[in-house]
Amino acid sequence: MNRKEAIKAIEQCAQEGKSKREIFAEFSSKVKYRSDLMQYIAMVPSNENRLRYKKLNLVLFSLLVFVSVMKFLTGALLFSNISVYLIPIALLVPLLSAYFAVMIWNYRGNMYRILGMLGIAGLLNSLSKMEAFESYSSMEIAVEIFLGYLPTIIIIYLAYYIGIKAFPYYNFWGQLQESKLKVGS
């Protein structure tokens with residue numbers, strides 16, 4: 001059974017209300033490596049957690065789509081001033097955001113902490129260029145805060161909050177903690 005099939009089957013079992021231990025027992029003979037199976041099980045939230053964090057997950061998804069669109073528009077505007085042939089390059093960052101949006105939409109537990117870490121790195125990188133704000137007008141600063149920093153801070157918070165609450169089997173850095181999963185030997 002390949003990765004995609006296994007995750008889909010595990011999601012189905014989780015929606016039926018089966019425990020992680022029952023899912024592990026059922027799929028241990030179908031997935032080649034025990035570590036892979038544990039990763040797949042940890043990536044799928046319980047049905048209860050999926051329902052509990054559905055609205056917050058939708059907000060996170062919406063913010064990621066918003067950021068993707070804003071990054072594309074900004075990049076397309078900047079690159080179109082240089083050359084029309086550079087506009088496809090403007091798709092690189094939005095494609096990464098769109099990838100994360102799809103993973104968040106599908107509740108892939110290993111992506112939440114990675115998204116949070118990338119958000120923190122982007123925020124720190126942006127803050128390191130703070131001297132550029134000296135040349136901004138107050139309107140430009142407000143736009144930068146409300147369209148740049150605020151969505152990023154909310155994305156970081158939601159990514160870690162949902163990641164910690166719905167997927168407690170990962171540590172801060174996104175590595176699986178098998179001892180917390182407790183599915184058996």
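**Helix packing around helix 5**

The axes of helix 5 and helix 6 (residues 92-105) come within 8 Å and cross at roughly 170 degrees, with axes fitted to C-alpha atoms over the stretch in contact and angles running from 0 to 180 degrees between N-to-C directions. Helix 5 is therefore roughly antiparallel to helix 6, a term for angles over 145 degrees. The model is predicted, so local features need pLDDT of at least 70 and side-chain atom pairs pLDDT 80 or more, whereas totals for chains, interfaces and linings use all residues. Residues are numbered from 1 along each chain, and side-chain values use heavy atoms, without hydrogens and water. Helices are DSSP runs (H or I, at least four residues) numbered from the N terminus.

**Helix 5 with helix 6**
- The crossing is left-handed, meaning that the near helix is turned anticlockwise from the far one by less than a right angle.
- Contact (heavy atoms within 4.5 Å) involves, among others, Phe61, Lys71 and Phe72 of helix 5 and Pro94, Phe100 and Trp105 of helix 6.
- The residues of this contact comprise 14 nonpolar, three polar and one charged, where Ala, Val, Leu, Ile, Met, Phe, Trp, Tyr, Cys and Pro count as nonpolar, Asp, Glu, Lys and Arg as charged, and the others as polar.

**Helix 5 with helix 8**
- The axes of helix 5 (residues 54-82) and helix 8 (residues 138-166) come within 10 Å, crossing at roughly 145 degrees, and this crossing is left-handed.
- Residues including Leu56, Phe66 and Met70 of helix 5 meet residues including Leu147, Pro151 and Tyr161 of helix 8.
- This contact has 16 nonpolar, one polar and no charged residues.

Notes. Helix = DSSP H or I, 4+ residues; strand = E, 2+ residues; numbered from the N terminus. Parallel < 35°, antiparallel > 145°, perpendicular 65-115°, else oblique.
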